[in-house]
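The questions below go through its parts in turn.

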Amino acid sequence: MRRNTSIEAIVLAIDVGKSSLQLDSDGKTYFEKSKFCVSMILKRKIFAESKDCLALILFGSSHTNNHLSYTGCYDNIEVVTSLGIDGIVTWDLVKHIDSLSSADITPSNWLNTLVLAADILKKETEEKIFKDLQIVMFSNLETDVSFDKLNIIASCLKTQNINLTIVGKDCEVLSLNPKLETFIMETEATAINFDSVLPKLSHYKQKEVTPRAWNIPLSFGNIFNIRVSGYKKIDESAKSLKWLLCKNYDTEDSITAMKKHTTYFYIENSEQIEVDREDIIDGFRFGDTIIPVSDLDTDAYSYKSGPRCLQVLGFTKAKNIQRSFLMDGGSYIFKPHKEDIVAFKVIFNAMVEREELMIVRKVYSNNCLPTIGVMFPQKEDTENIEHTLNVLHYFVCVNLPFAEDEHLFKLPSLKSFKPNHEENNAVRNLIDAMDLDKDGNELFMPENTHDPELQYVYDCIAQKAINPNKLLTKTIPEHIQSLLNPPKRIMEKSKQTINEIIKIFSLQQEKYEKFLVEDKNIVQFDCDEEIDFSKQCIITAFSPIEDFNKLLENGFNSVIVCENMKHITLDLIESSTSMEDLEKPALNLKVLRDFYINNNDIKSYNNLMYLVKDSVLISGKEGMWSQFVDSGIGLITNQEIEISDISQELSEQFMKHEVLQDVAEEFSIDDDDPLKEFL
């Protein structure tokens, strides 16, 4: 019989008797914790779209419902679901768990429950082979039971390869009772307390996906190929939920087929005239002309990357590939085919020895968009079945940007700020205190960190699935909130250093003065008036100067008009790519300059020019700054207007700028390097 390597058979047994009402160290009963754990197990199975078969048993119940009750030894044990058809996890089962209440009178025989659970696994899995058989029992094992047949029970569990896990108390506590210690040893059970289980069960899991290899030859031109298999190593988690939560409830009567009908029409003389779909072709608008595009045109002019491939373009020194070049949210690892390991290792060792990386062109499937990537040689120690250490060699492939994807930004220099010894020490102490590395293990590693957004979405879905008519709770659950907060030890360790930072680097709110001239166009206005005016005060990028003059002529508030003119000017600067594009914002600044001079508001214009300079330099147009300022839009100095606080010396300093060197100059690339042509 073919072995099923993915599905498990699990029996969950919950103690709901009198002993479950005992309080744990944190003041909560074992019954409350058991309910939460089982509920989370079921929810995790649903969200992960698990196909595991699951049975649920309540022992210490006021009801008796099991196939061994006729013997008289298995009273007060209730089988809620079996491993058969009922073994599929549903939201109804989650609701049943959440509505459970303990029976504070009924004794609970957990050993008989274990025998019953093993019998269920034996009988209901005879015609199937599962990946694993498990019994998970939630109990503090406080009830006295008879261990006369312990050897038989232990032998039965071993024969059927059943793994037993007892959640309630850990081994150290159970070892104080010799009988329980013997039971744990004989059955080879795993005993674990709630404090260890709750953190692991508090978060939902996504559907597990089996990695599929992308088998492709790594081609070195027309010379030779090395067969490799690619696997996704890291990828961004998908936020879309593609499964249907109600699929287990759909019946033939409840499903109504949805019919879609699309109608195409055009308007002529205010009438809608229907058109057949066959008579419609694609097109695009060029001015007032509509140019039709047929399927033949689309096929002829569309880009075709060719067949799927992984082609080596060349090699480059590792120092030439900076971390800022690496892009996209995922990466691939490529391992060699077993018959091409020798050739693979030769290339691998040569790259390591020469400190070089491989540049490749990757086309995932026929006529897909090509990507350029860089291959990093990596190796790690692996242990095989015989516990022998082997060294695994592989390449890690990360995408690189094309020229049009690269954006260079020149940030304002911090050279004007020189921290003193006290300030330097304060920052160093803060970095040391907030270091996430603990005993060589770094916190928030991707494989161990849950996505708070996804966890909250899952929690909201679970709430609505269980209580569809109830509003969602506004408070974020504690286990999700903990993902958003820094670790307590980090906050305690950094508390003193943060106070030092606040004390040394004190921040003061800057107050902006408002200059108003009574006899000119600039007048004071109320908030309501500003809102009404701003709705109609619009300056377009097509004709900003004409709009500016027209708004002032129509009596709009000059303060609002000038603010809108500033915003449109800064937007034009940031979106420009050449000196020709900067001509329009330069003309805008000339108009604003004349306006502010006429209204004696020199400070507003000079403050604006500092924003303009930052906008030009940060957007990578420092090479155009000199021509831009020379067009007559410089600072207004006290030589031009006496009330200005800007001297000629400050104006000349403002005109200076630093030209950002070409990125290619930072690299030392040989003339023979194949990478030179596209760097």
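**The sheet and its helices**

Q: Which strands does helix H1 lie across, and at about what angle does it run to E1?
A: Helix H1 (residues 30–47) lies across strand E1 (8–15), strand E2 (53–59), E4 and E5, where helices (H or I, at least four residues) and strands (E, at least two) are DSSP runs, numbered from the N terminus. Angles run from 0 to 180 degrees between N-to-C directions, with axes fitted as lines to C-alpha atoms, for helices over the stretch in contact. Taken in that way, the direction of H1 to E1 is about 160 degrees.

Q: How far can the model be trusted, going by its mean pLDDT?
A: This is a predicted model, in which local features need pLDDT of at least 70, side-chain atom pairs count only at pLDDT 80 or more, and totals for chains, interfaces and linings use all residues. Residues are numbered from 1 along each chain as its sequence is written, and side-chain values use heavy atoms, with hydrogens and water left out. pLDDT is the predictor's confidence in each residue, from 0 to 100. In this protein 85% of the residues reach 70 or more, and the mean pLDDT is 81.

Q: Which strands stand at the edges of the sheet?
A: The open sheet has six strands in the order E3-E2-E1-E4-E5-E6, with mixed pairing, and two strands pair if DSSP finds at least two bridges between them. Each edge strand has a single partner strand, so one side of it is left without a neighbour in the sheet. The edge strands are E3 (77–81) and E6 (190–193).

Q: In what sense do E4 and E5 pair, and over how many bridges?
A: Strand E4 covers residues 132–138 and strand E5 covers residues 162–168. Within this pair, Val136 stands opposite Thr165 in E5. The two strands pair in the parallel sense, over six bridges.

Q: Are H1 and H2 roughly parallel or roughly antiparallel?
A: The axes of H1 and helix H2 (residues 91–98) come within 9 Å and cross at roughly 170 degrees. Angles under 35 degrees count as roughly parallel, over 145 as roughly antiparallel, 65 to 115 as roughly perpendicular and the rest as oblique. H1 and H2 are therefore roughly antiparallel.

Q: How far apart are the axes of H10 and H13?
A: Helix H10 (residues 421–433) and helix H13 (residues 488–504) pack at an angle of about 160 degrees, which means that H10 is roughly antiparallel to H13. Their axes are 9 Å apart.

Methods:
Contact = heavy atoms within 4.5 Å.
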